[in-house]
Every structure is written in C-alpha cells, then in structure tokens.
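Subject: Structure handover

Hi,

Here is the structure for you to look over.

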Amino acid sequence: MLEQMGAAAKAASYTLALLSSREKNRVLEKIADYLEAQAHEILLANEQDLLEARRNGLSEAMLDRLALNPARLSAIANDVRQVCKLADPVGQVIDGGLLDSGLRIERRRVPLGVIGVIYEARPNVTVDVASLCLKTGNAAILRGGKETWRTNAATVKVIQQALEECGLPAGAVQAIESPDRALVNEMLRMDKYIDMLIPRGGAGLHKLCREQSTIPVITGGIGVCHIFVDDSAEIAPALNIIVNAKTQRPSTCNTVETLLVHQDIAQQFLPALSQQMAQSGVTLHADEQALALLKSGPAKVEAVKAEQYDDEFLSLDLNVKIVADLDDAIAHIRQHGTQHSDAILTRTLRNADRFINEVDSSAVYVNASTRFTDGGQFGLGAEVAVSTQKLHARGPMGLEALTTYKWIGYGDDTIRA
C-alpha cells in the first residue's frame, strides 16, 4: 500500500513543481471553500473520533487538540486563504552573478518534492501541511494519530476533490488511514519517494524517527518553555504575560511550563502570582523556596517533582522555581529546555541582551508571551512544524522551509579552462 502511495506522490510532485502561483492559489481557494461547504461531514467524523477517544481515556489536553467545531474549521479554511496571499518562494533567485569564466550562475528555490508528516491528535495539521506543501509545489503523505483517523480521512477527501476538479492528481495529498503502527516504521524507510520527514508528536516519536528513518528528519514541537522574571520586572505586566503564556491555550507546544523567579523579587512577586493563578485555575508545582512563599496563597500548590522540569504539562499546571540570578536561570534552561521558546521579563537592557545571546532556543522573547511562536503570528501563514533543530530549518516552518535550491549555470558555448 505505501509503495503505491509513495509512487503516486512522487509522480504528483513532478506535476506540482511546474504549476504557476496562480494555479496553486486556485487549488487552495477551492480547498478553503470546500472545507466550509462540506463542514458537516468533517465535523461528524470528528465527533466520532472524539467519542472513541473519550472511551479510550484520552487526556483533556489531547481531546482539546483533537476537537473541531464550526469556528475552528472556519479558521482553518481562512488560514488556507491566507496562504494564498503569501508570496510563492518557488522560482525565487536567491543570489548569483557572472563568473570570470563567462558562466552566469544563479541559485534558485525549488520544491523539496514529497514531504512526509507523522502527527498525533491535531486535525488542523492535515490542512496546514497540505496547503503549505501545495503552495510550494510539494506532494504530501500524512500519517495522523489513530485518534483522529476519521477526521483526517474526511478532510483529505475534500482536499483530493479540490485537486481533481482543478485537473491535478489526487496523489498530491494522501493520508495513511490505517492505525497499524508497523506502517510508521515502513514509512520511515521510504527514502525512494519521501524527501523530508517531519514528526509532530511526543519525545518517543521523535526518538523513533531519528533512530530508524533513512529519510532526513526535521524534529521539533516539544516545548518545555520557560519564562524568567528578573529582579527589575514590573509585577502587573509580568503577571499578564504569564497568564497569557499559560492559559491562552494550554495544550500547545508554545505554552510556558516553568516559571523562574529571581530571588530578590520572589517575596513580593509570588503572593501576587498565587492570586492570579488561583483566578486562572492554574495549579503550581513549586521548589522548596517557592513553596514556602506560595503555600499560604489562594492558588493550589504542591511540591515539584524533579522529572516535571523536563516534561510538557499541556494543561493548567505550572512549575515555579526561585533562582539566584540570570546565570542560574540560563543554566536551568540549558539543562531542562527543549530549544523551543523561552522568555525574559525585565526592564534591564543588559539582561535582555544576555538572555537573547545565551539562551540557545529557536525563539527567544523579551517582555512577551511564548505563545507567539507560531507561523501565523510570525507572518509565515500556516506552519508545517516548529523546528527545534538547526538544520535545515529552525522555529516555525513556513513556505521557504519547504523549499531547497538548485544551482543553474547559463553559458554561451562556455567550457572550463
């Protein structure tokens, strides 16, 4: 089955690579329209997935990731329309010039070919990946989690209908619907057909892909994100940022998981934090020093477990640790962070600059919420992933991250001397 899917995707990629921006946008507009016109079928499939997920005891955080409703589906369709408005990077000449040999050389952006994406209970990823791949002339093979296979199948059916009505092969976007995990292992070795693999899931999936894949892998999406409140921070604005970073949508990878508080501000800051977290329904997991200052406050608080510094809660839970200074905060982030998104709240320019330069994460913020690490928020359109590695892309991966380049030489009967 996968051999046939791979061959169809590779053949489709050759067709997609030749499309103009206008032709690609026409397909995307039709996909957006069909997502809304056939919303009933997609939402019905999603309800069935949710029912089964609840029966299987899926966590509330994962249920939130899985759930669609009319508003979310409309937003997904509008994200596709936004991709239409973005500049198409394919064909862009990055650089070049005339060489002494007389050869005129240029470096031009081209599609990668076929993108494979493995993801869990995130049905929006199906559309995000498809729209970005089609915009850049890439075919896509998608393997969503078993929890969302009905939703993904219904969504891909709509996308393939739009492709065929525009005279393009349905093989340009395909989904592996079977929940058989053996197919994942088989997919990891499809280097004959798939040019880049993106796993979007937990640490176990990333480890599997890094160790077993014969295809180049882009890892990311695991966000043990930190906010450091230094001794010059103003309490009210800092609390506002922390509430946003923790509660705006706690099941996402750019949600803050650990709050580091400078010891010189802790006695004043932590009681105010407790008050705010109680109002927001957040449970605090505090180190020994912080626990002493928080236990008399209104927020639910308990002693932090060492392993919680390395895990994503993806829920209304927040680690709180008192640190001696900026050096201590940076050392903690280096030890426990996942190079996703980290922030400093400060009114000291020197501390801000040090944090920016010394915290090696794909996104670093000064006096801003970590929730901004997102392709749409960065002006990239819908993202295919957030990469926490350094090759070939880093941070939110938009259109350019789904291209490579080729060197082109123009001669006039030119030979090498």
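The largest pocket holds about 1100 Å³ of space. Its lining is made up of 44 residues, and Arg122, Asn124, Asp128, Arg249 and Asp374 are the closest to its centre. Helix 5 gives the most, with five residues. By class, the lining of the largest pocket has 16 nonpolar, 16 polar and 12 charged residues. Please keep in mind that this is a predicted model.

The second largest pocket has a volume of about 350 Å³. Here 19 residues form the lining, and the closest to the centre are Arg109, Leu399, Glu400, Ala401 and Thr403. Strand 16 (residues 403-410) gives the most to this lining, with three residues. The classes in the second largest pocket are 10 nonpolar, six polar and three charged.

Now the cores. In soluble globular proteins, nonpolar side chains tend to be buried together. The largest nonpolar core in this model has 74 residues. Those with the most contacts inside it are Leu35, Leu134, Ile141, Met187, Ile198, Val384 and Met397. Helix 6 supplies the largest share of this core, seven residues.

Apart from neighbours within four places in sequence, Leu35 is in contact with Ile42, Leu73, Ile76, Ala77, Val80, Val127, Thr155 and Val158.

There is also a second, separate core of 33 residues. Val229, Leu270, Ala290 and Tyr365 are included in this second core.

Where does Thr258 sit? Thr258 is in strand 8, which spans residues 256-262. Is Thr258 buried or exposed? Its relative accessibility is 0%, so Thr258 counts as buried; the cut-off for buried is under 20%. The side chain of Thr258 makes a polar contact with the side chain of Asn319, at 3.1 Å. Leaving out residues up to four places away in sequence, Thr258 touches Cys225, His226, Ile227, Tyr309, Leu318, Asn319 and His332.

Best wishes

Conventions:
Residues numbered from 1 in each chain as written. Predicted model: local features only at pLDDT ≥ 70, side-chain atom pairs only at ≥ 80, totals over all residues. Heavy atoms only, no water. Helix = DSSP H or I, 4+ residues; strand = E, 2+ residues; numbered from the N terminus. Buried < 20%, exposed > 50% of the residue type's maximum accessible area, 1.4 Å probe, protein only. Polar contact = N/O pair within 3.5 Å; in protein donor to acceptor, adjacent residues only side chain to side chain. Contact = heavy atoms within 4.5 Å. 1 Å grid on protein atoms, 1.4 Å probe; cavity = no way out; pocket = protein on both sides within 12 Å on 5 of 7 lines; lining within 4 Å. Points joined across faces, edges and corners; volume = space filled by probe spheres on them. Nonpolar A, V, L, I, M, F, W, Y, C, P; charged D, E, K, R; others polar. Core = buried A, V, L, I, M, F, W, Y, C linked by side-chain atoms within 4.5 Å.
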